[in-house]
Amino acid sequence: MAEVATFAMSDQLLVVIDPVARRTDGESVRIAKDVLSAGAATKVCLPDDPDEFARALTRRGSRRPVVIGDDRALTRAVTLLHRQRELAECVLSVVPVGGALSLAESLGVPTGAVAAARAVLDGVERRLDLLVDDSDGVVLGGLRIPPIRDPAAPDGAGAAGSGAGRPWLRTCQSLVRTLVPARGASPAASGPSRLRVEVDGAMLVDLDQPVEAVSVTPGADGVAEVEVRPLSVGAEATPLLGAGRTVTVSGAHFRYRADTEVSGPVRTRTWVVREGAWGLTVPGVG
């Protein structure tokens, strides 16, 4: 990951404001927009849905794209540019606004609206590795498998909230969930227990060894870092570690969480590291 370019304040910017950011923190959106408009020529787009979001990026022309939104908006923008085969030539900027900002922060972007907007204007380009899978999906920060619950099932907070103050309702809901499986649920809905993990063709773990979790993250210099946590009984098992450019996971139908999205179930998936595949603006040094 190398910082290779600075940007002139005269750059023309296409500022795409994600609708979720507008709803959740309109004040931060306004502040970011004011800072950007004061420092560069800007065209502001207010898409109402993912299709309009995609059209705005597609029609950006020579303008440098700036996304105001959360981690999901950042991932959506990178995915769109990748599938348009324009990611390598396009330097992307993001002003993190919303609830989930940990991915942007982990990539070096400030989470404050003013600091992030100033980084867009005065920052540097950092080239980052990308994981690309065999269905043309991308991973910016990392992926994890399993355990992942069935994404159709309500989370604990939601289930408790729906029956708050009504113990009898919570009891009925629990009984119904026990007796009636979720639509489309399968025995593997909460994640597989046995996986085959191969790194650059070498076996890291096979189906005969149950695992608790597998994580894959883009490392440095075009290498992915892989960690497999074997199922432990009693003392905690030592993680199995690997590193390589190609990671293949196979086994029973499994789901995986890549950045902000849950995908699957699939029986096999291969991820390949693309070194320096995309550019993100971050604050300059000093």
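This is a predicted model: local features need pLDDT of at least 70, side-chain atom pairs count only at pLDDT 80 or more; totals for chains, interfaces and linings use all residues.
1. A word to start with: a residue is buried when its relative accessible area is under 20%, exposed when that area is over 50%, and partly exposed in between (1.4 Å probe, protein chains only). By that rule Cys-45 is buried, at 16% relative accessibility, and Cys-90 is buried as well, at 5%.

2. Residues are numbered from 1 along each chain as its sequence is written, and side-chain values use heavy atoms, leaving out hydrogens and water.

3. Now to the aromatic rings. Rings of Phe, Tyr and Trp (its six-membered ring) pair if their centres lie within 6.5 Å; planes under 30 degrees apart are stacked, over 60 edge-to-face, and the rest tilted. The count comes to 2 aromatic pairs. In one of them, Phe-254 and Tyr-256 are tilted, with 6.4 Å centre to centre and 50° between the planes. Both Phe-254 and Tyr-256 are buried. Tyr-256 and Trp-271 pair edge-to-face, at 5.2 Å and 90°.

4. Where do Tyr-256 and Trp-271 lie? Tyr-256 is in strand β14 (residues 246-258) and Trp-271 in strand β15 (residues 261-282), so their pair ties together parts that are 15 residues apart in sequence. Helices (H or I, at least four residues) and strands (E, at least two) are DSSP runs, numbered from the N terminus. Tyr-256 has a relative accessible area of 3%, while Trp-271 has 0%. Together, Phe-254, Tyr-256 and Trp-271 form one aromatic cluster.

5. Strand β14 also holds Thr-248, which is buried with a relative accessible area of 17%. Its side chain is joined to that of Thr-270 by a polar contact of 2.8 Å. A polar contact is a pair of N or O atoms within 3.5 Å; within protein, one must be able to donate a hydrogen and the other to accept it, and residues adjacent in sequence count only if both atoms are side-chain atoms.

6. Ser-93 sits in strand β5 (residues 91-96). Is Ser-93 buried or exposed? Ser-93 is buried, at 0% relative accessibility. The Ser-93 side chain makes a polar contact of 2.6 Å with the side chain of Thr-281. Contact in general means heavy atoms within 4.5 Å; leaving aside neighbours within four places in sequence, Ser-93 is in contact with residues including Arg-64, Val-67 and Val-120.

7. Helix α6 (residues 113-122) has several buried residues, among them Ala-113, Ala-116 and Leu-121. The buried residues of α6 pack against β2 (12-17), α2 (26-39), β4 (64-69), β5 and β15.

8. Lastly, the cores. A nonpolar core is a set of buried Ala, Val, Leu, Ile, Met, Phe, Trp, Tyr and Cys residues joined through side-chain atoms within 4.5 Å. The largest has 48 residues, and those with the most contacts inside it include Leu-36, Leu-74 and Trp-278. Another core, of 22 residues, lies apart from it, with Leu-131 and Val-266 among its members. In soluble globular proteins, nonpolar side chains tend to be buried together.
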